[in-house]
Structures are given as structure tokens and as C-alpha cells.
Amino acid sequence: MQFHHHGYVSGDPRIAPAAGVGLDRPAELPSEIDVLIVGSGPAGIVAAAQLAQFPNVVTRVVERRDGRLVLGQADGIQARSVETFQAFGFAQQIIQEAYQITETSFWTPDPARPANIVHSSTTPDDPQGISEFPHLIVNQARVIDYFADYARRAPARGDIDYGYEFVDLEVTGEGEYPVLVTLRKVSGFSGAGINTEKAEGGAAEETVTVRAKYVIGADGARSSVRRSIGGSLAGSTSLHAWGVMDVLAVTDFPDFRKKCIIHSEAGSILHIPREGNHLARIYVDLGETDENDGGQVRHTPLDEVIARANAILHPYTLDVRDVPWHSVYEVAHRLTDRFDDAASSPDGKGRVFLMGDACHTHSAKAGQGMNVSMQDGWNLGWKLGYVLEGRSPESLLKTYSDERWVTSKNLIDFDREWSTLMAKKPEEFDSPSELEDFYVATAEFPAGFMTQYTESMLTGGDAHQSLATGFPLGKRFKSVMTTRVADAVPVHLGHHHRADGRFRVYAFADATGERLAEWAAWMLEDPASPVRRYTPEGADIDVLLDVKAVYQQPHDRVGLPSVPKLFLPASGPFGLTDYEKVYAALPGDDIFEQRGIDRAGAVVVVRPDHYVAAVLPLDAPELTADYFAGVLLEQ
């Protein structure tokens, strides 16, 4: 973490100086808003947290609850999400309070006594080292808390406006704020902009009308924002019901504190230990439902769910002492027909965007809902910031729908296969290890690392992919340990990639460093370089493009006096040298070897949300300029 570059800091360095709209954030909703986010769930709060890094963008989050979420339904945190937490600065804190999944235990019917279950196998959670971060279980409410705190500490001082219910919107296409939004105040409210109308029965109803440049609908599966732009969820509901409950229990089941997948003659259980060392979430197979059931299965009594759990766990017993939350549901796989309103907008531009459960619904058993939703929010958040601050053309926003629709479709397809396997009876499997084999073979997908964006204005072509084969275009930048040259500290290279809205440009040096020096000189001095073209006048040189060098030699063979000036820039009003841009390969864990980087050098461009945008040659700096010319606007 870097601080003091604007003067001595004696308080919490995570609290950035207020800037722009954060200097005097009004307590009440303003009548004109750049980005109005409806819903403060995982998708909405991540978008808000990212936008809080753009101090000139007025962002407001409205939430119909009267306060913070107390008990969230989602709890599975995949490794990709923990990487995201690292970017937002709270990975280590949340890891400390979360439950870590290190392995999964499989239980099946005892061949000698089929009414009993026996342990059949155990698989490590990440046998291939997909990520340096763990797979976590922690309540959704705490995840939202962390992102909300991040937004409050960011320059724009973001926060949540509780007690507002979305009513409707109209995209007028008129003026600077072309979206007219009507909200209803559902708790005490006073201030300008209120229209008091008479509802049926004579009750007074307070509504608030605001105008916005953009609206984000992150308001759940029954999204009113989706309805307002004519969108719908299409798909199917299985005729199979599950009961889910968070329990505090006493049991003789030996794997109670491990993730378990249990198949028995009485049905199936997905068992997930929770944070705090005592709580557990248990998904209990309630069997097939009648197509004419009319949803009656959702009223299954809790006692019946507990009884079914005990039948599945036989010969072990589950003595449930408390149930903080429970529900019964049928698995539904649905995907929205649109992620924005571009098709119906008066000017053909997307002004209203959907994300999270408003776009995609599926089973909870693969632990994907919250994780995919957070990536929706991050994907759109920085793009809106770039467009609204004049860094990028408005066409950048189209990539949100193009990228996230495909990701959501892949999620639905994966979850349909996974939930079908979970609902199978033991005798229906082709082999006793079928479920375990699928679980291991597809581990990269639920961990969040199969997302790969295709070629677009943001993702370059693959002509030079061979220069860095371990950084596939369109996939997330997979970090490797390096050594920071200035202080010899071992550092995961990707961990310095924070959610500050900047692109990262990693220049991997050639063996002698001559090509790197030439590339750096061009980037620093040539008028055509992206550093010169897109850095606002008077700003630090790395305000938009954070350019770092990675040398092949061990750190003690890289002399700072020989490092090009580009990688030792002046920072802040005092012009202090930034020493955190020069790295060296770690002996025994050489990043060049680990990621297939050409020894003649390479340039890897990474988007603000961690995805590899371009792989380019070191001896052709103009190609780096060509990439950014398609994304950024000259300042």
C-alpha cells in the first residue's frame, strides 16, 4: 500500500482523501444523477464501489430496505471473487473471518448396508493451483458490508440511500439526463423533490422523481427495472425441490466441518460448513415434484426438511438446535433476453443496464450467483466511470452486454448439468465416481476462471499470443510471485492491481534490457505514445496507465540507476519517486517460465477489472499505442 506521497498520513491509510463529489456529498438524493443504481446486493454494491473511485461521477445507490442486509442467502465465495476482494483491499480481512474450503468429502450408500452412508473419497479443492487465494464461505451480508465500507472510504464517498423503492422509469432521450426515474419513499423522508400523491384507499404516498444519465437494475430476480425496459427472464424450472437451512446442530456425522456431497437411498445433501466454526448450510433433496403442484412444495415444513436430512445421513444423526434461516425452492434456470435497453432506446444507446439476478437465475448449489453478479458489477462499473469522465467513447458500454451475456449463458449451461447430477439417485449414475469426476474436471469453471472475453474494442487479436502463452487473451491475469527490486520484497505481481480504475501495462524485459529501454523511451517521450496522449495535463504520469517493468534477472542484478525513467516516475505534489513499478523474476518461480513469456520480451495490457486485454511485442511500441487508440479518448 502506498501513501504519504501527498503528505504525511497519521490515520487509516485506506481512507482516500475526498475529492470531487465526495467533498460535499448531499444527504438527500439530488435531482440529477449520473448513475442511479437500484439495489445494493452484490452486483449493485460492487458497481458502486468501483464508481466511487471516479470523483467526478455522481453515483447513488437506492435500496428499499431501511438498513443494511442482516441475513444474506448467498455464502459461497470462489477464488476469483477473493482475487476481486484483493483488488478492493480487503481480501486478508475477510479471509480471517470466513470458512475456508480445502477439500470436498464424498459419501455414498454402503454396498453392504445400502440404507447407511459411508465415506467414499475426498478431493482437494484446488488440486491444480488455479489460484493463490482460497475458496471461502462467508455470509453475503458481510461481503456487502466490505464493499460498502470501501465505497465510503473512496474519493467520491459513496454510500447507500435506504428506504427507496423503484417504481418506474422512462427513457426520454432528452437532455443531459435522459432517464426519468420515479421512486417511492418507504420510510421517513423530508426534502425537496417530493410529489405526494393519493393512493387507493386515501393513503398518502410519497414519490421522488430524479433524472439520470444511466440506470443500473441490480434489483433481483423479480427486477422492476427489467420490467420497465420490457425485459423478461426465459428458461425453465425443474420438477425437483430442495430444502436449504442454516443450522446450529449437534451431530455424530464425522465430516460436519467439511464440505460434503452426500448421496444416499433417501436422497442427496450438499453440506457446506459456514464461518464461525459452528454454523452449517445444508441443501436437502426433497425429491421430484408434481407438475401440477402449483408451488405447494415451497411450504414444506422445516421439521420435514430436518427429518429428510436425518434419513439421508443415516446411520448418523443431526440434532438441530437452531435454524437462523431456511427456504424451499425448485431449481430454475433463466436468462434475460437483454442486458440493456439499447434495442428500445430512442437513440439506440444503452441507458439502462441489468446485472446480477436481474439477468440470470440458477441453482445455489454451485455457489455461482453472488460471484458472477460481482463480476457483472465490476465489468460495468469502471466502463461507466471511463465514459462519464470522458476517458472513453460511449461505445465502450456496449461491451458490457456482449461480454456478460455470454458469461451468463455459460453459467446457466454449467449449472443445469451440475444440478442434474446432484439430483440423481445413486443407481442412476454411470459409475460410482461420476459426480466426483465431473466436480474435479470442471473445477476451473466454478472457481470463476473460465470466463474468456472474445476479440472486441477491449480485447485485442491473438497475433502475438505466443509471446505470453500463460496470459490468455480475454482471461483474468493470473498472478505470479516476483521480487520488488527496490526493497527485495517478494510480491505477487497481480496483487498490486487494485480497483482504482487504471489499466496495467506490464513490460517484460528482454535479456539485456535494451529493447525495454527503447520501448520505455518511446512511451515516455513520443507524442504518439498512449502515456502522452491520454494522461490529463498536470496529472501524475500513471493516473490512467500504470506501467510496470519485470526483469528476467534476480533482483540483486537489476540496478535501479539503469532502470528507465518511465518505471521510476514522480508521484504527488512533492514529486516523490514511485519505487513500486520495477520487479524481477523470482528464482525457482520464474514468471517468464511460469507464464510462457518470450525471452525477447513482451507487453501485456490488463484491463481495470483484471482481464488480459492485449499481448504485444516489446520491439513495436506503436502497437501498444494502436490498442489504446481504440479504447481511450485523447485528453
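What follows describes a helix pair and a sheet in a predicted model. Residues are numbered from 1 along each chain as its sequence is written, and side-chain values use heavy atoms, with hydrogens and water left out. Because the model is predicted, local features need pLDDT of at least 70 and side-chain atom pairs count only at pLDDT 80 or more, whereas totals for chains, interfaces and linings use all residues.

Helices and strands are DSSP runs numbered from the N terminus (helices H or I, at least four residues; strands E, at least two). Helix α7 (residues 369–388) packs against helix α8 (residues 398–423) at an angle of about 170°, their axes lying 10 Å apart; axes are lines fitted to C-alpha atoms, for helices over the stretch in contact, and angles run from 0 to 180 degrees between N-to-C directions. The two helices α7 and α8 are therefore roughly antiparallel, a term for angles over 145 degrees. In this contact (heavy atoms within 4.5 Å), residues of α7 including Val372, Asp376 and Leu380 meet residues of α8, among them Tyr400, Arg404 and Leu411.

According to an unreviewed UniProt entry, residues 451–635 carry the annotation "domain: Phenol hydroxylase-like C-terminal dimerisation"; such annotations may be inferred rather than shown by experiment. This span is 16% helix and 21% strand, with its end C-alpha atoms 32 Å apart.

An open sheet of seven strands, ordered β21-β20-β26-β23-β22-β27-β28, has mixed pairing, where two strands pair if DSSP finds at least two bridges between them. Its edge strands are β21 (489–492) and β28 (612–616). Strand β20 (residues 481–484) runs antiparallel to β21 and is joined to it by four bridges, with Met481 partnered by His492 of β21. Helix α13 (residues 621–629) lies across β22, β23, β27 and β28, at about 155° to β28.

Methods. Parallel < 35°, antiparallel > 145°, perpendicular 65-115°, else oblique.
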